Amino acid sequence: MLDAYFRETPLSGIGVVLALLLATTLAAVALRTGTVSPLRVWLYAAALGSYAAVTMMPGALDQGWHWASPWRLHVDPPLWDAFLVGIDSRSLNVWIGLPLGAAAVLLSLELRRWWPSLVVLAAPWLAEWWQAIMPTARDGLSGEDVGDNLYGIAVGAVVGLLLHLVLGLVERRGGTHDV
């Protein structure tokens, strides 16, 4: 499934590599300034950048520009068993939200500010709007994709909260703030 996706949208793979390079640069800056955990910065930037690359990069460039009205919204219920059924296009939407939610909660709790979580909650809506106006074969906004992404973000937020508690214990035992 993932192999087929990256063959269809080769720019997404390039976008993921660029997102990881940007995340590494931001983590290095965080390490140098010492204001926030570089690991949490890297996780957030890598998750958000990879999400943007996978969901917002255009498909094959030979399709040309195709306009689809963003107002043709259709809504389907979220795929609740996506973590169990394997990888298909719907479960991929859930799985891609998981690192977003975890990284957003980790960084929000570290900064004691909620803007990272708000950005992540807005990301699925922005990605769907972008897909509706980009040169792809999609028609309109997909409420199904938004719902699946938000479900993955919610599960990821719980995972991020648990990771925050574990990292807090490690930091206290190790006497470091670098985790």
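Is Trp 129 buried, partly exposed or exposed, and what is its relative accessibility? Trp 129 counts as partly exposed, at 38% relative accessibility, where buried means under 20% relative accessible area, exposed over 50% and partly exposed in between (1.4 Å probe, protein chains only).

The model shown is predicted, so that local features need pLDDT of at least 70 and side-chain atom pairs count only at pLDDT 80 or more, while totals for chains, interfaces and linings use all residues. Residues are numbered from 1 along each chain as its sequence is written, and side-chain values use heavy atoms, with hydrogens and water left out.

**View 1. The edge-to-face pair of Tyr 44 and Trp 115.** Rings of Phe, Tyr and Trp (its six-membered ring) pair if their centres lie within 6.5 Å, and planes under 30 degrees apart count as stacked, over 60 as edge-to-face and the rest as tilted; by this rule there are 2 aromatic pairs. In the pair of Tyr 44 and Trp 115, the centres are 6.2 Å apart and the planes stand at 90°. Because Tyr 44 lies in helix H3 (residues 38-56) and Trp 115 in helix H5 (residues 115-133), the pair ties together parts that are 71 residues apart in sequence. Tyr 44 is buried, at 7% relative accessible area, whereas Trp 115 is partly exposed, at 44%.

**View 2. The tilted pair of Trp 129 and Trp 130.** The ring centres of Trp 129 and Trp 130 lie 6.1 Å apart with their planes at 50°, and the pair is therefore tilted. Trp 130 is partly exposed, with a relative accessibility of 29%.

**View 3. Arg 112, a residue other than glycine with a positive phi.** The phi of Arg 112 is near 60°, whereas most residues other than glycine have a negative phi. Arg 112 is exposed, at 75% relative accessibility.

Conventions:
Helix = DSSP H or I, 4+ residues; strand = E, 2+ residues; numbered from the N terminus.
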